[in-house]
Amino acid sequence: FELDLLNSKMSTAASTIDHLIDMGFERDNIEFAIKTTNSNEIEKVTEWLLSHTADDIQKLREKSSETAKSIKCEDCGKLFAKSEEVEVHAFKSGHTNFSESTDEKKPLSEEEKREKRLQLEAILKEKRREFEEQEKKDLIEREKQRIKSGKQLTEVRKRMEDLEMQKMLDQRKREKQEEIEAYKRVKQQIELDKQRRKDKFANTAVKTEPEPKPVVANNASCSTNSISAQTTYDTTRIQVRLPNGSQVTHSFGAKEPLSAVRLFIELNCPAAPEI
């Protein structure tokens with residue numbers, strides 16, 4: 001894979017050189033430009049060649065023949081002693097044009113080191129402060145979202161409880177209405193039964209013939225006034241004991257048949273069995 005990549009780069013460089021030779025540039029200048037720009041792109045190499053005269057290129061070539069002591073950023077002019085510093089600078093600034101330089105990067109003095117350290121500490125402090133502020137903002141935002149979610153959940157739960165309560169009220173209302181309707185039907189049926197029994201009692205009373213008054217024999221010692229007082233009674237009081245132990249007492253006409261007593265019990269004591 002590395003061999004293929006190398007062959008591809010060489011092929012690209014050769015193609016760039018041939019193309020620029022056709023445009024009238026010298027091969028040595030083209031190769032130096034490719035090395036300086038560290039690129040095989042025709043546009044970038046052409047731009048570099050056009051921005052430098054032949055004398056400038058000669059001077060740069062002579063200068064590059066000397067031992068490189070540092071790496072220079074062509075975009076801002078800063079010098080770097082190590083490639084790691086170049087990578088950090090390129091990452092932070094976005095600069096891409098670097099070249100070797102014979103200029104030696106001077107070591108920092110104690111004052112410069114102290115100032116550099118203070119700058120780094122200030123930068124770190126500022127970064128830490130920004131991070132803490134962002135953390136506080138995120139915490140406040142999360143708390144707001146939690147409260148909002150809690151309120152929404154409470155509202156949903158309240159609506160559900162209200163709906164459930166309304167369903168219960170509607171159900172009780174329907175049950176109450178059904179009870180009222182059932183009570184009306186039972187009451188109406190009872191009235192019909194009473195009327196039917198009254199009609200039955202009236203028909204029985206009309207059809208029944210009056211019985212003759214019984215003649216009670218009195219002792220000889222009873223006076224005539226006493227006998228005539230006893231024969232003037234036209235009602236009788238009858239007490240009936242029901243199977244459940246309760247008693248029913250009522251006054252009947254002396255001429256009423258026994259069926260009148262039975263009809264009275266049926267009408268006024270529905271719980272009593274058929275007699």
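Tutor: A residue is called buried under 20% relative accessible area, exposed over 50%, and partly exposed in between (1.4 Å probe, protein chains only). This is a predicted model, in which local features need pLDDT of at least 70, side-chain atom pairs count only at pLDDT 80 or more, and totals for chains, interfaces and linings use all residues. Residues are numbered from 1 along each chain as its sequence is written, and side-chain values use heavy atoms, with hydrogens and water left out.

Student: How many salt bridges does a search of the whole structure find?

Tutor: Side chains of opposite charge can pair when their charged atoms come close. The criterion is a side-chain nitrogen of Lys or Arg within 4 Å of a carboxyl oxygen of Asp or Glu. The search of the whole structure finds six salt bridges. One of them joins Arg-27 to Glu-31, with the closest N and O atoms 3.8 Å apart.

Student: Where do Arg-27 and Glu-31 lie in helix 2 relative to one another?

Tutor: Helices are DSSP runs (H or I, at least four residues), numbered from the N terminus. Arg-27 and Glu-31 are four residues apart in helix 2 (residues 27-37), a separation of about one helical turn. Arg-27 is partly exposed at 41%, and Glu-31 is partly exposed at 38%.

Student: What is the N to O distance between Asp-193 and Arg-196?

Tutor: The side chains of Asp-193 and Arg-196 form a salt bridge at 2.5 Å, N to O. These two residues are three apart in helix 6, again about one helical turn.
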